[in-house]
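Colleague: I have not looked at this one before. Could you walk me through it?

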Amino acid sequence: MRVLLLLAAVGLCGAQYSPNTAYGRTAIVHLFEWRWADIALECERYLAPYGFGGVQVSPPNENVVVTSPYRPWWERYQPISYNICTRSGNEDEFREMVSRCNNVGVRIYVDAVVNHMCGSGAGYGTHSTCGSYFDAGTRDFPSVPYSGWDFNDGKCSTYSGEIENYQDIYQVRDCRLSGLLDLALEKDYVRSTIAGYLNHLIDIGVAGFRIDAAKHMWPGDMKAFLDQLNDLNTQWFSSGTRPFIYQEVIDLGGEPITGSQYFDNGRVTEFKYGAKLGTVLRKWDGKKMSYLKNWGEDWGLVPSDRALVFVDNHDNQRGHGAGGASILTFWDARLYKMAVGFMLAHPYGFTRVMSSFRWPRYYENGEDVNDWYGPPHNSDGSTKSVPINEDTTCGDDWVCEHRWRQIRNMVVFRNVVSTEDFTNWWDNDSNQVAFGRGSKGFIVFNNDDWELNQSLETGLPAGTYCDVISGDKEDGRCTGIEVYVSSDGRANFQISNNAEDPFIAIHVEAKL
């Protein structure tokens with residue numbers, strides 16, 4: 001009992017840093033642009049059985065409808081109102097999704113777009129996902145309501161009204177980002193209006209928020225509206241539980257705005273994680289996997305308990321946001337699976353898996369001119385449902401990386417080893433590495449151009465284990481590679497450099 005009380009006290013002290021996942025669940029997934037009805041189904045049929053802790057959903061509030069280009073993904077980041085009404089579904093469907101997911105222990109995290117409204121060039125009318133009238137030119141958003149008094153037009157110091165210099169923190173936080181109408185967050189009315197929107201979602205049952213474009217808001221202004229947030233809904237969360245907050249702060253170094261400036265509000269999205277890990281796995285700049293022995297804060301990353309980490313996200317898999325060409329995505333499937341496997345095996349940070357859709361890539365002058373493509377859609381522009389194939393993958397250009405066996409099984413691995421220390425590191429001074437998580441799990445990578453054949457100390461109890469990368473443990477047998485751990489905790493690993501997935505992972509729940 002004393003231990004439970006201590007854990008409860010620790011949870012209250014750092015509540016905005018805690019993801020509020022069900023016990024033993026340690027990773028979430030971003031189901032990018034999915035419909036609410038499909039997410040509800042996915043929570044019940046797949047995410048809960050495989051131990052996913054939650055889902056980051058696309059912005060649920062009404063946005064402008066963009067027809068040129070036709071319905072791009074980024075229209076979701078141009079709010080018109082805080083009505084729950086998008087191409088993912090209406091408020092009733094959102095409520096049902098939240099309830100059904102919570103009922104099976106899978107939490108919902110909302111992508112909250114509160115730094116701005118739509119672009120200054122969005123015009124006027126009712127071309128919005130719920131038909132609400134707006135006039136971007138006069139800053140009139142009656143469905144909120146916001147008026148010209150509620151924006152930073154008079155505060156921005158640049159002639160254009162746009163951010164022109166990222167070395168000037170006043171421009172970055174007071175001017176328009178890519179033409180988006182910047183809200184005056186120092187005003188009490190704007191703060192309370194944003195808090196009201198987020199509290200509405202909390203009352204429905206969400207567990208927390210990704211705060212979009214946090215870098216473009218003053219940390220104190222954010223704190224002012226975050227302090228107004230309610231505790232989470234006691235139908236699914238214990239009394240006094242605070243919403244999980246993770247803030248989009250793109251900080252690759254070299255700019256005056258840093259992630260650490262936002263720690264008082266919650267965790268931050270650690271963009272250096274995917275950028276640096278991608279460089280290592282691509283073996284660029286002389287980097288080797290053996291250098292990952294001290295992965296984490298020693299690499300210039302923020303403290304582990306303040307980091308939300310990911311290999312890629314919806315922005316940088318399209319070349320936007322941060323990281324550039326080093327970012328690994330589903331297009332680089334072999335290296336991508338290794339990167340996600342490493343992330344989920346390593347104890348650093350709180351992890352988010354990406355789940356994407358394909359688009360027809362077409363390059364001009366080195367840039368993908370089709371990176372705006374929205375989700376798979378019907379002829380009327382409505383988002384397609386996500387069909388599930390017989391082999392459990394997805395169809396209709398939904399990529400569903402979270403359903404790839406190698407990634408789904410590493411989410412289970414992370415849950416199994418979550419209480420264990422980082423142990424038994426081994427490397428060959430090149431790109432063959434291995435490490436354990438106490439006495440519960442062990443993982444081996446071969447990113448060299450030659451075979452790995454090595455006897456290694458695993459730290460695991462003796463027995464035969466199923467490699468969860470090449471297969472599963474089913475009906476008391478392995479569908480993939482078997483690994484025998486001897487009484488001294490050692491096992492021999494062989495991984496061809498030509499293997500489809502050149503890594504092996506074993507854990508105590510995959511033991512025969």
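**Around Glu75**

Modeller: Setting aside neighbours within four places in sequence, Glu75 is in contact with Asn63, Val64, Val65, Val66, Arg87 and Thr129 (contact means heavy atoms within 4.5 Å).

Colleague: What kind of model is it, and how are residues numbered?

Modeller: The model is predicted, with local features needing pLDDT of at least 70, side-chain atom pairs counting only at pLDDT 80 or more, and totals for chains, interfaces and linings using all residues. Residues are numbered from 1 along each chain as its sequence is written, and side-chain values use heavy atoms, leaving out hydrogens and water.

Colleague: Is Glu75 buried or exposed?

Modeller: Glu75 is buried, because its relative accessible area is 0% (buried means under 20%, exposed over 50%, partly exposed in between, with a 1.4 Å probe and protein chains only).

Colleague: Which loop holds Glu75?

Modeller: Glu75 is in the loop between strand S3 (61-63) and strand S4 (79-86). Strands here are DSSP runs of E, at least two residues, and helices are runs of H or I, at least four, numbered from the N terminus.

Colleague: Changing topic, which strands form the barrel?

Modeller: The closed barrel has 8 strands, S1-S2-S6-S11-S12-S13-S14-S15, with parallel pairing. Two strands pair if DSSP finds at least two bridges between them.

Colleague: How many bridges join S12 and S13?

Modeller: Strands S12 (residues 244-247) and S13 (residues 267-269) pair over 2 bridges, in the parallel sense. Gln247 has Val268 in S13 as its bridge partner.
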